[in-house]
Amino acid sequence: MQLNINVTEFILLGLTQDPSRKNIVFAIFLLFYMGTLLGNFLIIVTIKTSPALGSPMYFFLFYLSLSDTCFSTTVAPRTIVDSLLKEASISFNECIIQVFTFHLFGSLEIFILILMAVDRYVAICKPLHYMTIMNRQVCGMLVATVCVGSCIHSSVQIILALSLPFCGPNEIDHYFCDLQPLLKLACSDTYVINLLLVSNSGTLCTVSFLMLMVSYIIILYSLRNHSAEGRRKALFTCVSHIIVVILFFVPCIFIYTRPATTFPMDKMISVFYTICTPFLNPLIYTLRNAEVKNAMRKLWSKKISDDI
């Protein structure tokens, strides 16, 4: 492994260099990040304190909200601060840490979305055996397994990043550190690493997306045998999940499945899965889920009564 010894820090060019537009970036990222923290915090607290939300679906939703919060935190706070600076810099070590945490929590979100699809499949297609198959011990083991998988994925990203030699340019044309913008700064042939990036991140996004869409097609097809009320409830849940999947995966696939190719629009597309999706997830899951809304109302009512 060839370690960098020449470049000690990078300059992040951000989404824009125009001062007035930087103020817009600051306002948008701050608004979305605060909304992300508030929304996911409410979901986490509600699930933890409400006995009515003890099913496996909400067990996985708890970890999705947690991973959303962490994933957004790897990018948003630094971008908010950097938008106030004339020149934003990041040390080499901080850049590598950001690559690791970004892919750690990003891949964790992908794996948890897959677990949620598996949970819905078992609940709808195997309702009589649901609680036996998806018991708390099994759910805990599944979450532990995907955490290990996320660590492996992000470790591969670090290995690829540390294998890049940087000996000159240090301006990253992006608002956060990731392998693709780093590849443009490397002073060696990056063709092989590009292929490894596509085979790792690109394949993870594409295969996971296809698996999720096929699973939901199977689930929706199986609903024909359910009652009208059962179909309505299951359809609402599945549509919420499908919206989240599309919002997260389509931009990711666009970014990570193109070897050695970057477009000016890449930075704007990255905004969708780094800040928009973590913000929208709580809205999608609460506004379309009566059980979560009722649990939040009870939690809020209890807090008011306790204060009185």
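I am working with a predicted model, in which local features need pLDDT of at least 70 and side-chain atom pairs count only at pLDDT 80 or more, while totals for chains, interfaces and linings use all residues. Residues are numbered from 1 along each chain as its sequence is written, and side-chain values use heavy atoms, with hydrogens and water left out.

I searched the whole structure for disulfides and found 2, a disulfide being a pair of cysteine sulfur atoms within 2.5 Å.

I looked up the pair Cys95 and Cys177, joined with an S to S distance of 2.1 Å. Cys95 sits in helix α4 and Cys177 in the loop between β3 (171-172) and α7 (179-183), 82 residues apart; helices (H or I, at least four residues) and strands (E, at least two) are DSSP runs, numbered from the N terminus. The torsion about the S-S bond of Cys95 and Cys177 is about -115 degrees, so I noted this disulfide as left-handed. Both Cys95 and Cys177 are buried, where buried means under 20% relative accessible area, exposed over 50% and partly exposed in between (1.4 Å probe, protein chains only).

I then turned to Cys167 and Cys187, whose sulfurs are bonded at 2.0 Å. Cys167 is partly exposed at 48% relative accessibility, and Cys187 is partly exposed at 38%.

I also checked Cys252, whose sulfur lies 4.6 Å from the closest cysteine sulfur, in Cys205, too far for a bond. Cys252 is buried, at 3% relative accessibility. Cys276 is in no disulfide, the nearest cysteine sulfur, that of Cys252, being 12 Å away.
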